Amino acid sequence: MKKWNFLSTVIILAVVIMIMPSKSNATSLSEAEKLVQKAENAATVLKWEISLEHRKIKYSDPVTLPNMDLYNTTKHARQLAYNAIKSLPAQEKVKLTKRMESNVDIHFNRSMAYIDAIMSGKKIMYKTNDFYEAYGLNPLSDQTEKAYHDLSSEIRKQAILLYRVYGKSTRDAIIDKYKSPGEKAIQSTKSVISVKMEIDQLHQSIANNKNKEELLLTVKEIESTVNKIHDEKARQLLHTKLDEAKKTIQGDSLLDKSFLYLSDLIREAVIHPSQPIIYALNENKDVLEINYETGKVQRLTMNLIPERIYFYNNELYVALLKGTHSPYWWKEYQEGAIAIIDTATFTLAEQFNIDIDPFDIVADGKSIYVSSGSGQWTNIKGYSRETLLETSKSGSVYHKSFLEMHPSLDKLYVIDTTVSPRDVECHLIVDGKITTGYDSPYHGDYQLNTNMTISPDGKYIFNGSGVIMIASDAKAMNMKYLTKLYFPFEQITFNMNEGFFYTSYGKNLDVYNYKTMEREKHYVMSGDIQNVFYQNGKLVIISVEELYSSKLPTYAIKTYKVEGNKIIQ
């Protein structure tokens, strides 16, 4: 009997324990409710942070990313709340989960959709800028076509992401800021890119020996489309490519044999100081070595886009881009690279990364000096030729500044391109290290353009506006105005042996007496002069020539014998 009473007591106590509310569960529920409340409060703040009307009041540019601290706070609070809810009894779990879904998840998910759309929009903006830059450089390059397709793909991606954004006004604002400019870029150039692709296919058909009559019919059809393109530059380039294809099909050869015609578009060129070789950048990633006597062209394809080239001591220094120049690409985030080509073998000797967005490049054997293409007030940096490490930097210099090395290698002149009025600075170089410089004594007194060259004897600074300044070791005389040429110029080269120099603008070529700075001769050439070099008693000119009856342009090289102030064509 006593045993039965003992067992009864144990059973009753067990039942009581089972039906009594758990103190630990009650505590968990209270804590869970507090965490849900915190998540709701954070989500409410986030809700307003992605409200377009609220952002219009709070931010000068409302269509941007939300305050990511608020997003991350909500994300963290949401996770803590859900972790607490997991341990609750089923009834309480359902109740609090519904609260989370109604008051937290909806705003958190909308914020994710908003952030995804903005991030995609920013990608569209960057890809639009990349496309415009490539198109401006050469509408028909493979890089331009790739940039076009990359932009189109990103626009299609954002179309999907936009459907997830809450609120028509918000979607419209994102479209107006990011998607519409990209679509405009695509729409305005669609015909050019499409025809470029058709011509590429035509060349492939020619290579595959397709029927001549069919090929000529294709040319005629493409020609009809090209004639409807409004972009004059692109239309002319397309006609040039189409004309080359037609000539290949027909087997015609109507070229002036005195010119070396190039298949590439030339955007930057330097000449070897003694050999008949020009180094150039084409419309793609190629560095060209052109022997203008033999007509042989070699090319090195870089893994990055070359921006500028500089020849010194049998080495070609190439500035390589890793991004698009922008005044808002701050210097702490910039990057680029430098390639060094051995011109004796025309092979890549070195390539190394730099923490600057390269714009212009010069060298003196000890160091390589690079100006920045981004970030507004930046520095010129010097990199050791031996170690390839940064060894010096200048004081503040505005981005997109051109560099000109003095022949004595002890001074570096800088001219800005984005500031008005334009100014010239001089930075001293001591043992391969650049120092903080000083600017010219003028501030808008003389109109200057971005073109600057120092005479081979180091006496004068020639500006493309026609202004000539003194290049002096003495600061009091340095960069002082001397005189002005008869006419502005685009290109300049010097024949110091006979005391003449030559300037060009468009098709015009002027001959000046170096001692008097007076113009003595004027010539009009057959094409627009792209580059002019003096070498070994000859002028070597890269020009854009118009071929055939249709006046189509192509890049060509021609040499002219020089006798005193006369140019023998």
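1. Burial and overall form. In this predicted model, 48% of the 569 residues of the protein count as buried. The radius of gyration is 34 Å, whereas a compact globule of 569 residues would have a value near 25 Å. The C-alpha trace spans about 135 × 70 × 45 Å along its principal axes. The secondary structure comprises nine helices and 32 strands.

2. The structure holds 26 salt bridges. In one of them, the side chains of Glu-40 and Arg-99 meet at 2.8 Å, N to O. This pair links distant parts of the chain, with Glu-40 in helix H2 (residues 23-49) and Arg-99 in helix H5 (residues 90-137), 59 residues apart. Glu-40 is buried, because its relative accessible area is 9% and the cut-off for burial is under 20%. Arg-99, with a relative accessible area of 26%, is partly exposed.

3. Lys-196 counts as buried, at 2% relative accessibility.

4. Glu-268 and Arg-308 form a salt bridge in which the closest N and O atoms are 3.1 Å apart. Since Glu-268 lies in strand E2 (residues 268-271) and Arg-308 in strand E6, the pair ties together parts that are 40 residues apart in sequence. Glu-268 counts as buried at 13% relative accessibility, while Arg-308 counts as partly exposed at 21%. Elsewhere, salt bridges that share partners join Asp-142, Glu-145, Lys-196 and Asp-200 into one network.

5. A four-stranded sheet. Four strands form an open sheet in the order E25-E26-E27-E28, with antiparallel pairing. Why is one side of E25 and of E28 left without a neighbour in the sheet? Strand E25 (491-495) and strand E28 (519-524) stand at the edges, and each therefore has a single partner strand. From one strand to the next, the twist averages 20 degrees. Strand E27 (residues 508-513) pairs with E28 in the antiparallel sense over five bridges. Tyr-512 has Arg-519, in E28, as its bridge partner.

6. Backbone geometry in loops. Most residues other than glycine have a negative phi, and most peptide bonds are trans. Asn-313, which is not a glycine, has a positive phi of about 55 degrees. Asn-313 is located in the loop between strand E6 (305-312) and E7, and is exposed with a relative accessible area of 57%. Asn-536 also has a positive phi, near 50 degrees. Asn-536 lies in the loop between strand E29 (528-535) and strand E30 (538-547), and is exposed, with a relative accessible area of 57%. The peptide bond from Ser-420 to Pro-421 is cis, with omega near -5 degrees. Pro-421 occupies the loop between strand E17 (411-415) and strand E18 (424-430).

7. Nonpolar surface patch. Tyr-328, Trp-330 and Tyr-333 make a nonpolar surface patch of about 410 Å². Trp-330 is placed in the loop between strand E7 (315-321) and strand E8 (336-342). With 35% relative accessibility, Trp-330 counts as partly exposed.

How values were computed: Residues are numbered from 1 along each chain as its sequence is written. This is a predicted model: local features need pLDDT of at least 70, side-chain atom pairs count only at pLDDT 80 or more; totals for chains, interfaces and linings use all residues. Side-chain values use heavy atoms; hydrogens and water are left out. Two strands pair if DSSP finds at least two bridges between them. Helices (H or I, at least four residues) and strands (E, at least two) are DSSP runs, numbered from the N terminus. Axes are lines fitted to C-alpha atoms, for helices over the stretch in contact, and angles run from 0 to 180 degrees between N-to-C directions. Patches are made of residues with over 30% relative accessible area and no salt bridge: like charges are joined within 9 Å, nonpolar side chains (Val, Leu, Ile, Met, Phe, Trp, Tyr) within 5 Å. Accessible areas come from the Shrake-Rupley method with a 1.4 Å probe; for residues, only the protein chains shown count as cover. A salt bridge is a side-chain nitrogen of Lys or Arg within 4 Å of a carboxyl oxygen of Asp or Glu. Buried means under 20% relative accessible area, exposed over 50%, partly exposed in between (1.4 Å probe, protein chains only). The radius of gyration is taken over C-alpha atoms; the globule rule is 2.2 Å times the number of residues to the power 0.38.
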